[in-house]
Structure formats: structure tokens, C-alpha cells
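Colleague: I am new to reading protein models. Could you take me through a few features, one at a time?

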Amino acid sequence: MTSDEGSEKKATAAESDAASESRSRAEKIELGVALLEHLEADEVDLPAAIDRIETITTSPALTREILDTADKRGVIDREDGRLRVRRGGSYVQFESQVVAREGEFTCRRCGAGLSTGHFIVFEAGELGPFGSDCIRKVVGRES
Ligand SMILES: [Zn+2]
């Protein structure tokens, strides 16, 4: 049952929170791997990585699956509770990969109310909204 997803492109900007909550498990995994892949640090400890993955899922099982998948694909190396990010040379580009939208949002990381939501746009989907401070933490620009 694989309908060609690529040819059916109906996504619009109207996809918002509701859509991101109903993401499938597979989509969350892709998003998680993309997030790890784009971390702006060569090495993070496990809690810091999990803190970021929690913006996608709070399920420990799914978190583990994201880490396993990233490991298997060679995106990260795990050693002694730390993650080394194997760099494909792709930090999140703020200019092209982060979009800001006006509206009433709740930061996915800290729960603060926002009038401007920042979203990271990955091939696998969008992650957000985040406040301006939290988005920097999520992409690893600040720890
Ligand atoms: Zn926040």
C-alpha cells in the first residue's frame, strides 16, 4: 500500500499544532534523527540530547528508538553516556531553516506563551513552535 507520497503534495501553511501532534511514529523518528543530525555541537551528553528530543516526544521508548536509529545510520556515535555527532556539515541554517510566525503559540520546550513562534523546517517536517531563546538551545547553538 505505498501510494506515491511525493506526487501528492497538498501541504499548506495551514498545518499547525494539530498536525504536529498527530505525527506518526515514523515521522517523529525522522524528525528526531534530523534534529540530532543538525545539532550545532560536536558532542552532547545524553541528558542534553534527550532534552531536545523531548520537544518531539516524551515517550522514553520512542526517544530510545530515535537514538538507535540515529546510531544505526551513523548520525551519532554513543560512548559513555555522550553522543558524538558525526557531522555531515549541516548545522541548522537560521536564515533558511527557521521560520517565524506571528500568532498565539506555546513554546514546545518551556511552555511559555509566545506571540512569535519559531519553527525549524526539516525535510522530515517542522519542529516548533519555540521561543527565540529556546530555539537556540534546541539546535545546540547555546547549551
Ligand atoms: Zn521556550
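Colleague: Where does Asp80 sit?

Modeller: This is a predicted model, and in it Asp80 belongs to the loop between strand 2 and strand 3 (82-85).

Colleague: Is Asp80 buried or exposed?

Modeller: Here we count neighbours. Asp80 has 6 C-beta neighbours inside 10 Å, so it counts as exposed.

Colleague: And what should I look for in the backbone there?

Modeller: Start with the general idea: most residues other than glycine have a negative phi, and most peptide bonds are trans. Asp80 is not a glycine, yet its phi is positive, at about 45°.

Colleague: Which residues does a cis peptide bond join?

Modeller: Gly128 and Pro129, with omega at about 0°. Pro129 is part of strand 6 (residues 125-130).

Colleague: Which residues of helix 4 are buried?

Modeller: First, the general idea: an α-helix has 3.6 residues a turn, so residues three or four places apart point the same way. In helix 4, the buried residues are Ile66, Leu67 and Ala70. They cover an arc of only 95° around the axis, which means they are on the same side of helix 4. On the other side, Ala61, Arg64 and Lys72 are exposed.

Colleague: What do the buried residues of helix 4 pack against?

Modeller: Their partners are helix 2 (25-37), helix 3 (46-53) and strand 2 (76-79).

Colleague: How do I describe the way helix 2 and helix 4 meet?

Modeller: Look at the angle and the distance between axes. Helix 2 and helix 4 pack at about 55°, and their axes are 9 Å apart. The two helices are therefore oblique to each other, and their crossing is right-handed. Residues making the contact include Ile29 and Val33 of helix 2, and Ile66 and Ala70 of helix 4.

Colleague: Stepping back, how many helices and strands are in the protein?

Modeller: There are six helices and six strands. Of its 143 residues, 30% count as buried. Among contacts with a separation of 6 or more, 55% are between residues 24 or more positions apart.

Methods
Residues numbered from 1 in each chain as written. Predicted model: local features only at pLDDT ≥ 70, side-chain atom pairs only at ≥ 80, totals over all residues. Buried ≥ 20, exposed ≤ 12 C-beta atoms within 10 Å, placed from the backbone. Helix = DSSP H or I, 4+ residues; strand = E, 2+ residues; numbered from the N terminus. Arc of directions from axis to C-beta. Contact = placed C-beta atoms within 7 Å. Axes fitted to C-alpha atoms, helices over the stretch in contact; angles between N-to-C directions. Parallel < 35°, antiparallel > 145°, perpendicular 65-115°, else oblique. Left-handed = near helix turned anticlockwise from the far one by under 90°.
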